[in-house]
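Welcome, and thanks for opening the viewer.

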Amino acid sequence: MSVTQPVSKAAAPRSKDVVRDGGREGRALLKGQQTKAAIVDAALALATQIGLEGLSIGALAELTGMSKSGVFAHFGSREELQISVIREYHTRFEQEVFYPALRVQRGLPRLRAMFGNWMKRTSAEIDSGCIYISGAVEFDDRPGPVRDALAESVHIWLAAMNRAVVQAREEGHLRADADENQVAFEIHALILALHYEARFLKNPGSMARATTGFDNILARYGAPTSASSEPR
């Protein structure tokens with residue numbers, strides 16, 4: 001006959017205590033996540049003005065009203081802070097530019113939507129700055145995790161643009177011999193030129209010229225019947 005061993009009170013915490021402790025841990029975790037998100041948000045706003053290289057634990061502590069040790073505890077290093085900012089920027093870029101375009105029909109309609117969304121974001125960044133562009137200037141010749149994170153984000157976006165061009169070609173909206181890399185390169189070049197012309201040189205009409213440039217690209221690579229068959 002088996003004998004059931006008694007369980008000591010110390011070894012068997014009451015269920016209410018477990019729930020209470022779990023609740024405290026959950027609230028602490030949520031608060032930590034919210035605090036980190038607030039720091040990253042402040043860091044992103046600062047980075048668009050002064051660049052990723054200008055970020056520091058001390059500057060964020062002053063901006064958020066936290067201690068340096070408090071900010072440091074969430075990231076562990078200035079480098080990890082910069083990488084967190086890049087990831088957050090990329091997430092917001094996808095939410096504003098990429099994902100809305102996926103709801104549009106494949107082919108030229110989706111490609112137009114991607115460029116249109118990109119232009120909307122660019123128009124807002126004429127005053128605030130673009131992490132992709134300023135970061136490329138800061139880290140183009142500086143190998144390391146920050147440059148890798150930045151380059152990976154840009155590669156992901158450009159790959160999405162390439163896929164949209166390929167789909168437009170497959171739908172018969174672009175010529176069969178249209179090189180997706182060349183088309184995407186020329187579209188990307190328009191955005192880079194727009195930032196330079198509008199943000200640095202302050203030239204009026206830059207947005208309109210970028211839009212005209214995009215239309216010219218589609219006209220140059222468009223299939224003979226794409227103008228009449230493309231859904232609007």
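Select Glu53: its relative accessibility is 30%, so Glu53 counts as partly exposed. Keep in mind that you are viewing a predicted model.

Next, select Arg112 and Asp215. Here the closest N and O atoms of the salt bridge are 3.5 Å apart. Because Arg112 belongs to helix H5 and Asp215 to helix H9 (residues 206-221), the pair ties together parts that are 103 residues apart in sequence.

Move on to Glu180 and Arg169. Their salt bridge brings the closest N and O atoms to 2.7 Å. Glu180 is in helix H8 and Arg169 in helix H7, so the pair ties together parts that are 11 residues apart in sequence. Arg169 has a relative accessible area of 24%, so Arg169 is partly exposed.

For one more stop of this kind, pick Asp41, Glu88 and Arg92, which are linked in a network of salt bridges. How many salt bridges does a search of the whole structure find? The total is 13.

Now for the pockets. Select Tyr132, Ile133, Ala136, Val154 and His188: of the 22 residues lining the largest pocket, these lie nearest its centre. The helices that give two or more residues to this lining are H5 (108-128), H6 (131-139), H7 (145-170) and H8 (180-200). Which of them gives the largest share of the lining? That is H7, with seven residues. The volume of the largest pocket is about 400 Å³, and its lining has 14 nonpolar, five polar and three charged residues.

Finish at the second largest pocket, with a volume of about 190 Å³. Select some of its lining residues, including Ala47, Thr48, Gly129, Cys130, Ile133, His195 and Arg199. Helix H1 (15-50), H6 and H8 each supply at least two lining residues here, and H1 gives the largest share, four residues. By class, this lining divides into five nonpolar, six polar and one charged.

Terms used: Residues numbered from 1 in each chain as written. Predicted model: local features only at pLDDT ≥ 70, side-chain atom pairs only at ≥ 80, totals over all residues. Heavy atoms only, no water. 1 Å grid on protein atoms, 1.4 Å probe; cavity = no way out; pocket = protein on both sides within 12 Å on 5 of 7 lines; lining within 4 Å. Points joined across faces, edges and corners; volume = space filled by probe spheres on them. Nonpolar A, V, L, I, M, F, W, Y, C, P; charged D, E, K, R; others polar. Salt bridge = Lys/Arg side-chain N within 4 Å of Asp/Glu carboxyl O. Buried < 20%, exposed > 50% of the residue type's maximum accessible area, 1.4 Å probe, protein only.
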